[in-house]
Structures are given as structure tokens and as C-alpha cells.
Amino acid sequence: MTAVPPACVQQIEIPSNLRGTLCEYADDIRDGAALQRQVDANGYVLLRGVLDQEQVVTARKEVFARLGEVGEINEPVEHGIGTGTSCRREVAGDLNAFWRDVSSGKALRAVTHGPQLCTLLGRFFGEAARPHDLIYLRPMSVGRATRLHYDFPFFAGYSKRIYTAWIPLGEIDQSEGPLLIIEDSHKFMDWIEPIRSHDYQSDRENEVVQRAAYEQPNSVDPVTLAEQRGVRLLSADFQPGDLVVFSGFILHGSLDNCSTIDRVRLSCDVRFQPAADSTADSRYFGTNPAGSAGGGYGAMKGALPLNEI
Ligand SMILES: O=C(O)CCC(=O)C(=O)O
């Protein structure tokens with residue numbers, strides 16, 4: 001039997017009894033009812049090979065080429081190996097503009113805003129879907145991880161019907177810090193109910209949504225959380241073309257990037273809502289969306305040089 005390589009979260013190795021693999025969707029991807037059933041049952045759907053692989057690889061190359069220009073990624077850039085240094089501040093100058101520009105790349109947007117993904121997300125709603133204009137591009141260097149949180153408080157200002165599309169931009173093994181989902185966390189009603197019942201249209205200050213999304217789930221480390229709740233920490237090895245779609249009420253973050261060759265993990269997450277719902281939320285729509293913190297692309301971690309985060 002091949003040994004399963006260890007996976008860590010917040011520098012804690014996950015005990016094998018608390019680790020699980022995300023469930024792969026096995027039905028027809030054109031079957032909206034089946035997609036909806038699975039997302040309702042599990043809080044997420046892992047779809048293998050549903051995006052154009054070549055487009056995804058081209059997007060990866062585009063992003064890493066930009067990071068290569070500022071000295072953060074070695075040649076050949078598509079391998080995504082970090083240099084550990086950066087001249088982004090000197091070369092790019094305006095970090096906000098640089099990150100907005102990278103996040104607006106043509107090849108990247110062909111994946112995130114192309115018809116393939118939008119049509120697929122529409123099946124989850126049972127009606128035409130629309131992506132937010134603001135997207136979250138995440139180059140994660142070794143040692144970094146995303147803390148656990150629920151998405152709903154961030155994105156539920158106007159439309160409450162929100163799904164996240166998490167797109168691995170290249171191959172990501174579990175040792176390199178991909179998406180982590182807490183099994184059955186869409187059933188933690190003691191945490192979900194206060195989040196669901198809050199009025200985010202009238203009260204959506206960044207501090208309010210940050211607290212709602214992060215505070216309770218991070219009161220203990222993820223391994224202790226899984227032990228206390230009797231659930232597992234779920235992830236998978238990803239290939240270009242794969243996709244995870246998840247609800248705003250599933251707790252998620254990432255594993256630690258423990259790459260032994262300094263590979264930077266690259267993914268992008270995009271929110272979708274029904275096209276018929278309001279796009280008045282200037283945090284997420286428009287040519288220069290403000291983001292939940294108000295600083296637009298400049299407020300994202302990705303806007304900082306890779307060696308500073
Ligand atoms: O990719 C990650 O590190 C986390 C993604 C995430 O938090 C999200 O898609 O909402």
C-alpha cells in the first residue's frame with residue numbers, strides 16, 4: 001500500500017483518523033438537479049476535469065509570468081517555484097494597480113469569466129448565473145495557509161444566493177496547501193444560524209463580516225475543532241481543469257503549503273450569483289470594486305510581495 005503523505009494545517013500534522021478526501025461528483029455535469037442535490041447534501045461539489053485544461057494552464061503561466069517580472073518566481077515560470085525575494089515595490093510601484101492588473105489578465109479572466117464556468121454555475125442555481133467582478137487570486141508561498149471561515153457574511157450584501165467557485169490554477173498536491181473543507185460544517189447550526197439571520201445589507205462593515213466569518217471557527221485550531229465536532233478535515237490532490245463549488249455555509253480554508261521545492265500554490269476563487277439578482281454591491285461589482293475591506297485589490301494579501309506575507 002502506498003503511504004499517504006502527511007498534511008498539515010496551522011503547522012499541526014493532521015492525524016489520519018481526522019483526514020478525509022473530498023467526495024468526487026460522479027453524475028452528469030449537465031444535470032442541474034443532481035448538482036444541487038450534492039451541494040445541498042455535502043455543502044460542496046468537487047468536479048474533476050470540467051474546465052478547459054489548456055486555458056487553466058495558460059492562466060497559470062500568465063499570472064506567474066507577472067510575478068516573474070517582479071523577481072518572485074523563477075524561470076520557467078509555469079513551475080511556480082518561488083525565489084524568496086522580490087523587487088515588486090521597485091518595479092511595479094503601485095501595488096494596488098499591479099495586483100488589479102494581474103487579477104484582470106486576459107487568460108485568467110477567460111477561465112474565471114468565460115462561458116464554461118458560468119454555464120456550469122447556472123446549473124447550481126437553476127437559472128443564468130453571473131460572476132462577481134472582484135476575484136481572489138491566491139499565490140500562497142511555503143508556510144502560508146488560509147484560516148477557516150464561512151463565505152456568506154462577506155458576499156451576502158444583496159443576493160443571498162451565492163456559490164464560490166474554487167479553481168486550482170495548476171496541479172496542487174495536498175502537501176502544497178490546497179483548499180480544506182470541514183466535513184458537515186454546513187450543519188453546525190449554532191454557528192450558521194447567527195450568520196444566516198444577520199442583516200448584511202444594512203450592517204456589513206468589514207469588522208462585522210470578518211468577525212462573523214472567522215471568529216468562532218478559529219477559537220480552537222482546526223484539528224481540535226474536528227475532534228470536538230466529530231468530523232474530518234477534507235481535501236484532495238488537484239489537477240488543472242478541476243473545480244470545487246461550495247456554499248457560503250461550509251467552513252473552509254486551506255492546508256499549509258509544505259512544498260519541499262518552494263512551489264507557490266496558485267488558485268483563484270470567484271463568487272457567482274443568479275444573473276437576475278442585484279449587482280449594486282460596489283464591493284464586488286464594477287471596474288474597480290472596493291472589496292469587503294474597502295481597499296480593492298490593494299487590500300488583498302496577494303497585493304503584497306510574496307516574500308512579505
Ligand atoms: O484558496 C484558499 O486558500 C482559500 C479559498 C477561500 O477561502 C475561498 O475560496 O473562499
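User: Which residue of β12 does Arg130 stand opposite?

Analyst: Happy to start there. Two strands pair if DSSP finds at least two bridges between them, and strands are DSSP runs of E of at least two residues, numbered from the N terminus, while helices are runs of H or I of at least four. In this case Arg130 stands opposite Gln273 in β12. Strand β5 (residues 129–131) pairs with β12 in the antiparallel sense over three bridges. A word on the basis: this is a predicted model, where local features need pLDDT of at least 70, side-chain atom pairs count only at pLDDT 80 or more, and totals for chains, interfaces and linings use all residues. Residues are numbered from 1 along each chain as its sequence is written.

User: How many residues of β12 are buried?

Analyst: The general idea is to count neighbours: a residue is buried if 20 or more other C-beta atoms lie within 10 Å of its own, exposed if 12 or fewer, and partly exposed in between, with C-beta atoms placed from the backbone. By that count, eight of the ten residues of β12 are buried, so the strand is mostly covered. Over the chain, 46% of the 309 residues count as buried.

User: Which residues are around the ligand?

Analyst: A residue is near a molecule if its C-beta atom, placed from the backbone, lies within 6 Å of it. Here the residues are Arg138, Thr146, Asp151, Thr164, Trp166, Leu179, His252, Gly253, Ser254, Ser267 and Asp269. β7 (163–168), β11 (252–254) and β12 (265–274) each supply at least two residues of this shell, and β11 gives the largest share, three residues.

User: How many residues of the shell around the ligand are nonpolar, polar and charged?

Analyst: Ala, Val, Leu, Ile, Met, Phe, Trp, Tyr, Cys and Pro count as nonpolar, Asp, Glu, Lys and Arg as charged, and the others, Gly among them, as polar. The shell divides into two nonpolar, six polar and three charged residues.

User: Where do the buried residues of α9 fall, seen down its axis?

Analyst: First, who they are: in helix α9 (residues 206–214), Val209, Ala212 and Ala213 are buried. They fall within an arc of 95 degrees, so they line one face of the helix; the arc is that of the directions from the helix axis to the C-beta atoms. On the other side of α9, Glu207 and Arg211 are exposed. Two residues are in contact if their C-beta atoms, placed from the backbone, lie within 7 Å, and the buried residues of α9 pack against α7 (152–155) and α8 (189–197).

User: Where is the cis peptide bond?

Analyst: Look from Glu75 to Pro76, where omega is near -10 degrees. Pro76 is in the loop between α2 (53–69) and α3 (88–92).
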